[in-house]
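Okay, thanks for coming, everyone. Let me put the thing up on the screen and then we'll walk through it.

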Amino acid sequence: MQTQIEIHSEPLNTQQCIDWIMSPESGGIDVFIGTVRNATKGRTVLKLEFEAYKPMAIKEMRTITKEVLEQWPVQRILIHHRVGTLQIGEIPVIIAVSAAHRDAAFEACRYIIDTLKQTVPIWKKEFFDDGEVWVAAHP
Amino acid sequence: MEITVLAFGIAKDIFGGPSITVDLAAAATTADLKSSLETQYPRLKKLASYMVAVNNEYAEDGGLLRQRDEVAIIPPVSGG
């Protein structure tokens, strides 16, 4: 199998993702690991909560991987996204791409995270000490 | 016809739950659903944007809805 797309409620395993993406044909792998930051626009963030519309999120991620395979000579693509409550420093998303040459891996990885943030139905809520907010909900 | 509408993110807060039932005319479109929801839940109009998904696909405004479609309100996404 060329792609692996998963949504987990348990912590993501970076090493497992890297092990899966490597192959003898690869000249390089590119891995993007998203992490929960402790502040947003100067406000201290206590934790995040992620929610997904799972079947559609998987479908949208599959669409992204299809687009990538049409545009770049990459070998394997992995997207793992976390849902539930995440503390500072935890990992909401891992994207990994392997390719014979690094340009394709870098470009594809960048395309995947940028597109995921625009199209995949997953939402994050930020918790502050004086309230909480669904990110990007309001202009 | 009665359509069940799933809600996620802030839409869940606006509807007060993970799904609601909306009564629509037989040949209702996605646009009809939106205007019915916006009348009942004016906070929807305050969102930066929102989409309707039908059977796990983003739907155009003119698309016809059928009773058994899986319909969801998709407020601005913020994954990653």
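So, what share of the contacts in chain A with a separation of 6 or more comes from residues 24 or more positions apart? It's 76%, where contact means C-beta atoms, placed from the backbone, within 7 Å.

Bookkeeping: this is a predicted model, where local features need pLDDT of at least 70, side-chain atom pairs count only at pLDDT 80 or more, and totals for chains, interfaces and linings use all residues. Residues are numbered from 1 along each chain as its sequence is written, and chains are lettered from A and ligands numbered from 1 in the order in which they are written.

Chain A has 3 helices and 10 strands; those are DSSP runs, H or I of at least four residues for helices and E of at least two for strands, numbered from the N terminus.

Now the sheet. Four strands of chain A make an open, antiparallel sheet, ordered S7-S5-S9-S10; pairing takes at least two DSSP bridges. S7 (84-87) and S10 (131-134) of chain A sit at the edges with a single partner strand each, so one side of each has no neighbour in the sheet. S5 (residues 47-52) of chain A pairs with S7(A) over 4 bridges, antiparallel, and there Phe50(A) stands opposite Gly84(A).

Last, the interface: 25 residues of chain A are in contact with 16 of chain B. Elements of chain A giving two or more residues are S5, H2 (54-71), H3 (102-119) and S9 (122-128). H3(A) gives the largest share, 4 residues.

Methods:
Two residues are in contact if their C-beta atoms, placed from the backbone, lie within 7 Å.
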